[in-house]
Amino acid sequence: MRWCRTYASKAERFVQAISPETLPRGYLVASTYAGVKKAISPGTSSVPMSKPDMALVVSSVPASVAGVFTTNAFRAAPVVHATTALQQAGPDARARAVLTNSGCANAVTGEAGLDDTRALVEQVRASLAPSSECTPTDVLMMSTGVIGVRLPVPPMQRAIEDLVSGRLQNHPEAWLDVARAFMTTDTFPKLRTRSFSLGGRRCRIAGIDKGAGMIHPRMASASSALHATMLGLFVTDAPIAAPDLQRCLNEAVRVSFNCVSVDGDMSTNDTVVALANGQATADDGSVPDEWWTEQSHPDLVRAFQAELTGLCTEMAQLLVRDGEGAEKFVQVRVRHAGTYEQAHAIAASISTSALVKCAMHGEDANWGRILCAAGYAALPAPAWAVDPSKVHVTFEPPPGVQEAPLPTLIDGVPQVVDEAHAARLLRHEDIYVDVDLQGGTWRREEAVAEAVYWTCDFSKEYITINGDYRT
């Protein structure tokens, strides 16, 4: 029996109890079952009615809003709507709510699909604020599910009425149900919260995401040039101004969600949205009328960015752990490259190699497949290259495991591998691979960039799951 299969279920291991004290102030949430999948595929849906498929998160006051989105050319209607709204709103964008549905991606549905998104967004907006207070980003929407099918608008409109008519609450179970509403092929809801003291205020942040297949995000902000379905929502009561929230989110996503892959397929719907409503209280219980910017409070903004980055990293890793059919969590660290972008490209190439992923599933310390994938990575400028005579490849023990590292390649020379040692390392659920390029064609002290990427193995279960179409 494989060692990693002796664990309890992923839900038992990765769903954490949430303390009410860590939930951000000034937000209400609700979820419900709208029958989205059943409506678009009558008679084929196996989704139980107890599993919610629509969710609404509402801020009590207009909140700063930021977002990053898929760079796939076939962007889904909710992505087009959100990016357009953010561009129209400008740097001081504000939002009141985020509506999410699972079961239907509303992707590749043309102008009619965009009209469907607008209709649902307008319904939520009308229920929250008079038209005189409207801004383009008042309500944003995220969708995930089957591609190429329009949303079943009438049942979703009835579900919205249900969401806003007394269901909105702020307690851990309500937030967990919202996380369940995000799920498609996920095996467990992904919700984390953090509480921290910053600038004399008690700040809190909650993160929800989903994704198990079609996961290889490469997201950019709405104003950027294009540079799974995975969805992420981060809400905080910290008083971060919108332009600074966008910069914080860009950096957090760059080193977290843009560093994970389950199957190498970038979705049409990848979205991460962040809200900051400034309702964090001071020590005396008051809510100061003050917003933090990089100009006015640079240290506080940097500290908030560190908190957001840490939470995004934890949430991104949960996506990999819940990859479709995944039995292994694999970290690939590439060191001493010319630039971060080059280290990232090499780490991504290794992490998305089907041969590497199969080797990890087979618990095979196959350094040859790792080198091959590193060697064909498309490296961005400036001029720099891997020097095959310098490369080290080492399998390292996961944190907390008392086991020596296993060098398999030193200075480009294969090492005699102790098979028993390799078996002990690779039997674990978590596998850590270190690739030290030692500067490549530059001197080692000049090439100090590194990147970390997270991926999973390919199993027979992955093939079984993806015999059907889905996002």
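## Overall size

With 471 residues, the protein would have a radius of gyration near 23 Å if it were a compact globule, and its value of 23 Å agrees with this. The radius is taken over C-alpha atoms, and the globule rule is 2.2 Å times the number of residues to the power 0.38. Along the principal axes, the C-alpha atoms fill a box of roughly 70 × 55 × 40 Å.

This is a predicted model, in which local features need pLDDT of at least 70 and side-chain atom pairs count only at pLDDT 80 or more, while totals for chains, interfaces and linings use all residues. Residues are numbered from 1 along each chain as its sequence is written, and side-chain values use heavy atoms, with hydrogens and water left out.

Of the 471 residues, 57% are buried (under 20% relative accessible area, with a 1.4 Å probe and protein chains only). The accessible surface comes to about 18,300 Å², and 53% of that belongs to carbon and sulfur atoms; the areas come from the Shrake-Rupley method with a 1.4 Å probe.

## Helices, strands and a sheet

The protein has 13 helices and 17 strands. These are DSSP runs, numbered from the N terminus: helices are H or I with at least four residues, and strands are E with at least two.

Seven strands form an open sheet with mixed pairing, in the order β9-β17-β12-β16-β13-β14-β15. Its edge strands, β9 (260-261) and β15 (413-414), each pair on one side only. Two strands pair if DSSP finds at least two bridges between them. Strand β14 (residues 406-410) pairs with β15 in the antiparallel sense over two bridges. Ile410 has Val413 in β15 as its bridge partner.

Definitions and conventions:
Buried means under 20% relative accessible area, exposed over 50%, partly exposed in between (1.4 Å probe, protein chains only).
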